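Reader: Hi! Could you walk me through this one? I'm new to reading structures.

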Amino acid sequence: MGNINSGNKLKAGVIGGRQGASHAYAYANSEEYELVSVCDLKSEVIDEMWEKARIEKGSVRTYGDYRDMIDTEDLDVVSVSVPDHVHADPVCDASNAGVKGIFCEKPLTINLEDGDRIVETVQKNGTKMSVDHTRSFVPNYRAGRESIRNGDLGGLTRIVAHMGGHRSMLFRNGTHTVDLISYFADSRPKWVIAAHEQGFEDYGTVYKGEGGKDPALDPGSTVIIEYENGVRAILNSAKLTPAFHEIDLIGPSGRILLDDKTSKRWLADKPEGELKEDPSFNYPGYPDFFGDALIPAVKELAEMILDNAVSSSPPERARDTLEIMLAALISQDQGNTRVSLPLPRN
Ligand SMILES: NC(=O)c1ccc[n+]([C@@H]2O[C@H](COP(=O)([O-])OP(=O)(O)OC[C@H]3O[C@@H](n4cnc5c(N)ncnc54)[C@H](O)[C@@H]3O)[C@@H](O)[C@H]2O)c1
């Protein structure tokens with residue numbers, strides 16, 4: 001377990017103590033790190049954090065002000081797990097203070113100005129950064145991407161993703177699915193067409209769900225995305241549907257179907273041939289305890305810092321994800337028209 005004093009470990013601090021408890025757990029359970037501090041504006045959140053993070057009460061230092069924590073502790077790595085609309089300041093402040101790595105919660109931000117500010121700041125400072133679009137680190141999704149990159153499907157043509165249930169919220173939860181689509185498409189998005197679920201027709205072009213908790217403030221949407229490499233994706237997302245999450249990856253000679261628990265692959269012996277299930281493709285989905293899903297992410301961040309490894313969930317892709325979601329709002333607002341990416345900057 002973490003918190004053992006060792007000179008060579010990367011020193012980690014966590015900003016935001018609710019979902020941030022999972023980050024604290026991940027550092028405390030990764031040998032590359034020493035978890036040294038956590039910070040939350042509210043002391044009662046810290047009081048509840050120990051149990052959620054499964055770490056001994058009082059075993060790390062606590063702060064109410066993240067700037068104070070960054071100034072006091074000589075941190076190598078900082079997690080940012082504050083609400084969606086306030087990620088930019090702590091990320092940029094940590095990067096400007098010289099931390100080596102940042103693990104930021106999703107979505108990157110809720111507007112383009114903050115998204116650009118984050119990407120430009122970490123690039124300027126050379127800060128290594130990953131965004132917690134968690135499925136990027138879950139074994140079956142990773143195996144799916146490796147299979148596609150190996151050419152097992154003869155390339156990739158189409159992606160169909162479902163996000164159902166009352167949490168069908170384009171920004172709060174949909175950011176995971178949109179980002180997952182880009183993770184598999186392995187390309188930059190070129191254009192977007194969207195039609196929101198009924199009741200959100202006049203939602204407008206600015207995301208309204210500050211804090212991200214209320215499904216009534218965040219539309220489900222049917223979104224078509226075309227990528228520069230020709231991959232085309234459909235995200236189907238609406239409330240009043242069963243709460244399932246699934247992604248179907250289709251290439252000329254194969255198909256991979258993934259959800260949060262299972263993985264299936266079918267292969268054909270030639271392009272457009274008949275598919276046969278391949279039982280050897282069998283990988284686990286999310287672990288039972290959410291904090292365990294973040295251990296591969298923080299371990300990879302250590303490799304990025306120490307060995308220049310590449311992020312499985314870089315901020316540049318998270319910004320593409322943000323642009324796709326914002327483009328979906330614009331498309332709906334303009335009568336479901338096609339919106340080109342990147343979006344224009346002011
Ligand atoms: N990856 C996932 O599956 C997943 C799951 C849940 C939440 N999240 C993300 O995690 C982030 C946090 O979500 P949450 O549900 O914990 O939100 P929350 O609103 O429940 O909690 C956020 C915490 O951050 C604290 N905070 C806010 N500003 C702060 C500041 N300047 N300094 C220190 N603390 C500050 C608040 O006091 C609060 O305790 C969001 O971006 C959310 O989208 C991701």
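Author: Happy to! Helix H1 (residues 20-28) packs against H8 at an angle of about 60°, and their axes are 8 Å apart. Helices here are DSSP runs (H or I, at least four residues), numbered from the N terminus. Axes are lines fitted to C-alpha atoms over the stretch in contact, with angles from 0 to 180 degrees between N-to-C directions.

Reader: Is this an experimental or a predicted model?

Author: This is a predicted model: local features need pLDDT of at least 70 and side-chain atom pairs pLDDT 80 or more, while totals for chains, interfaces and linings use all residues. Residues are numbered from 1 along each chain as its sequence is written.

Reader: Back to the helices: what do you call the way H1 and H8 lie to each other?

Author: H1 and H8 are therefore oblique to each other. Angles under 35 degrees count as roughly parallel, over 145 as roughly antiparallel, 65 to 115 as roughly perpendicular and the rest as oblique.

Reader: Which residues of H1 make the contact?

Author: Ser22, His23, Tyr25, Ala26 and Tyr27 do, meeting H8 residues including Phe290 and Leu294. Being in contact means that the C-beta atoms, placed from the backbone, lie within 7 Å.

Reader: New topic: how is the protein chain divided into domains?

Author: There is domain 1 (10-132 + 291-314) and domain 2 (136-287 + 321-340), with bounds from an automatic or database domain assignment. Their C-alpha centres lie 27 Å apart. Domain 1 and domain 2 each bring 16 residues to the contact.

Reader: Which element gives the most to domain 1's side?

Author: H8 does, with four residues on the side of domain 1 that touches domain 2.

Note on methods: Contact = placed C-beta atoms within 7 Å. Helix = DSSP H or I, 4+ residues; strand = E, 2+ residues; numbered from the N terminus.
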